[in-house]
Amino acid sequence: MIALIDREAEHARLGRPARIIAKMNALLDKNVIQALYRASQAGVEIDLIVRGICALRPGVRGVSDRIRVRSIVGRFLEHSRIYYFANGGEEEIYIGSADWMPRNLYERVEVLVPLRDEFLRERVHREILDAYLADNRKARILLPDATYIRAWQPLHGKRNRKPPTGAAAFSAQDFLIGVAEGRQPAGFAIPQLPAPKRKALAGRVR
């Protein structure tokens, strides 16, 4: 994982597309955190979706200016770990079993696999990662001082703003429930399987 993070930093230094999106339950490993700080300083845009404890401090000037951290706690018991790397334009997505914690990385045997299929990569990216980054109902944003605010609250000044309602409100978990039920909110597109691949999959099922 550190090699992949450092690779994004090198892409950024060379002016290539460089971005990291990581979804996990916890972020505690100091080596990974240091790598993320280095990547931010190199110019990599980093979005972390960390449900629980996070030892990284985002938005610290000169250290983690380009890192944003959000937490979403809702109806689902979250356990998916997804790691996206822009990789200079050759996007890669990995799914795995490990959080970025010492007990996972050094004391267990964990599995991490790349998504090779283009449609699956697109679906995981747009349907899961983008949905969680768009959430403005359940999401809490981690501040540099280790406190959290709701996604709709301003970073500075009074925080008595009311949450969005109606079409302006978006909950990632409600969206995923809608996907499972065959519904799709307006303005949030789900990748559609190309027709030839649909036919191929249908033949495989038969």
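Where does F170 lie? I began there, and found F170 in the loop between β8 and α5, where helices (H or I, at least four residues) and strands (E, at least two) are DSSP runs numbered from the N terminus.

**Ground rules.** I noted that this is a predicted model, in which local features need pLDDT of at least 70 and side-chain atom pairs count only at pLDDT 80 or more, while totals for chains, interfaces and linings use all residues. Residues are numbered from 1 along each chain as its sequence is written, and side-chain values use heavy atoms, with hydrogens and water left out.

**Overall layout.** I recorded 6 helices and 8 strands in the protein, and, reading along the sequence, the pattern α-β-α-β-β-β-β-α-β-α-β-β-α-α. Of the 206 residues, 42% count as buried. For contacts, meaning heavy atoms within 4.5 Å, I noted that residues 24 or more positions apart account for 63% of those with a separation of 6 or more.

**The sheet.** I traced the 8 strands into an open sheet with mixed pairing, in the order β6-β5-β4-β1-β2-β3-β7-β8; two strands pair if DSSP finds at least two bridges between them. The edge strands are β6 (112-114) and β8 (148-150), each of which pairs on one side only. From one strand to the next the twist averages 20°, where axes are lines fitted to C-alpha atoms, for helices over the stretch in contact, and angles run from 0 to 180 degrees between N-to-C directions.

**Strand β2 and its partners.** Why do I call strand β2 largely enclosed by the rest of the structure? Because 5 of the 6 residues of β2 (residues 45-50) are buried. On one pairing, strand β1 (residues 19-24) runs parallel to β2 and is joined to it by 6 bridges, with A22 standing opposite L48 and M24 having V50 as its bridge partner. Between β1 and β2 the chain crosses through helix α2 (residues 30-42), and this β-α-β crossover is right-handed, a term that applies if, with the strands pointing away from the viewer, the path from the first strand over the helix to the second runs clockwise. I also followed the pairing of β2 with strand β3 (residues 67-72), which is parallel over 4 bridges, and in which I49 has R70 as its bridge partner.

**From R70 to I141.** I found I141 in strand β7 (residues 139-142). I141 and R70 are 71 residues apart in sequence, yet 4.5 Å apart in space, C-alpha to C-alpha. Leaving out residues up to four places away in sequence, I141 touches V69, R70, T147, Y148, I149 and A151.

**Helix α1.** I noted that the axes of helix α1 (residues 2-13) and α2 come within 8 Å and cross at roughly 10°; the two helices are therefore roughly parallel to each other, since angles under 35 degrees count as roughly parallel, over 145 as roughly antiparallel, 65 to 115 as roughly perpendicular and the rest as oblique. The contact is made by I2, I5, D6, A9, A12 and R13 of α1 and by N31, V32, A35, L36, R38, A39 and A42 of α2. On its other relations, α1 lies across β1, β4 (81-85) and β5 (92-96), running at about 30° to β4. I looked up H11, which lies in α1 and is buried, with a relative accessible area of 9%. Not counting residues up to four places away in sequence, H11 touches R16, P17, A18, N87 and G88.

**Helix α5.** Which residues of α5 are buried? I listed A172, Q173, F175, L176, I177, G178 and V179, so that helix α5 (residues 172-180) is mostly covered, with 7 of its 9 residues buried. What covers these buried residues includes β3 and α4 (118-134). After α5 comes G182, whose phi is positive, near 85°.

Definitions and conventions
Buried means under 20% relative accessible area, exposed over 50%, partly exposed in between (1.4 Å probe, protein chains only).
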